[in-house]
Amino acid sequence: MDTPKSKKLDIIIPAFRGHSQNFLMVLDGISEENALKRIEGKTNHIIWMVGNFLDMRYAMGNVLGLSEEFEYKDFFFQGKALDETLKYPSLQQLKDDFHKISPLVYQKLLEVSDEELEKAFPMGMNIDFFPETVLNFVGMCIGREDYLCGQIGLMRRILGYEGMKYDFDKDLKY
């Protein structure tokens with residue numbers, strides 16, 4: 001495993017890499033058609049979930065100093081509600097974007113210092129037990145990614161796909 005500059009990220013680094021693996025495995029075999037299906041008009045579709053996952057990756061990257069912009073930000077920024085009147089990007093377009101942003105964010109996670117992680121990052125939550133710092137924002141993004149992979153896993157089963165296989169790709173370094 002790569003060693004981060006900040007010991008504060010010892011738990012974040014494996015989580016980030018694990019989420020990268022889970023993201024790819026949970027989407028394995030999902031068709032473009034099924035990626036746009038909703039259940040009884042009540043759920044988000046997989047495309048929305050994938051886009052929200054990527055919005056988290058870009059948000060982490062931005063708070064860590066990357067300037068990359070998410071091409072599909074207008075669809076997904078800050079969990080923007082699903083809009084059935086929009087033509088969302090394809091699953092393949094989003095997967096391609098995942099492979100573009102993820103290694104960049106991973107590198108930033110390895111390089112960030114304790115001082116940078118301790119910087120204030122106002123989120124407007126105003127919760128006394130939750131300091132609004134860069135580190136806590138990164139942690140929130142990691143938590144959201146975990147949630148979204150679980151949601152996609154559930155959708156996968158509802159749509160009739162086999163459960164996710166845990167065939168980790170040891171060559172994926174982010």
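**Helix H6 and its surroundings**

H6 has 25 residues, and from its first C-alpha to its last it reaches 36 Å, close to the 36 Å expected at 1.5 Å a residue. The expected span is 1.5 Å times one less than the number of residues, and helices (H or I, at least four residues) are DSSP runs, numbered from the N terminus. This is a predicted model, where local features need pLDDT of at least 70, side-chain atom pairs count only at pLDDT 80 or more, and totals for chains, interfaces and linings use all residues. Residues are numbered from 1 along each chain as its sequence is written, and side-chain values use heavy atoms, leaving out hydrogens and water.

**Exercise 1.** Find what the buried residues of H6 pack against.

*Step 1.* List the buried residues (under 20% relative accessible area; exposed is over 50%, partly exposed in between; 1.4 Å probe, protein chains only). Among them are Val 134, Phe 137, Cys 141, Glu 145 and Arg 156.

*Step 2.* Look for contacts, meaning heavy atoms within 4.5 Å. The partners are helices H1 (12–27), H2 (46–63), H4 (91–111) and H5 (114–118).

**Exercise 2.** Describe the largest nonpolar core.

*Step 1.* Such a core is a set of buried Ala, Val, Leu, Ile, Met, Phe, Trp, Tyr and Cys residues joined through side-chain atoms within 4.5 Å. The largest has 54 residues, and Ile 46, Val 50, Phe 76 and Leu 109 have the most contacts inside it.

*Step 2.* H1, H2, H3, H4 and H6 each give two or more residues to this core, and the largest share, twelve residues, comes from H2.

*Step 3.* Ile 46 touches residues including Leu 27, Ile 152 and Met 155, not counting those up to four places away in sequence.

**Exercise 3.** Locate Glu 40 and give its phi.

*Step 1.* Glu 40 sits in the loop between H1 and H2.

*Step 2.* Although not a glycine, Glu 40 has a positive phi of about 50°.
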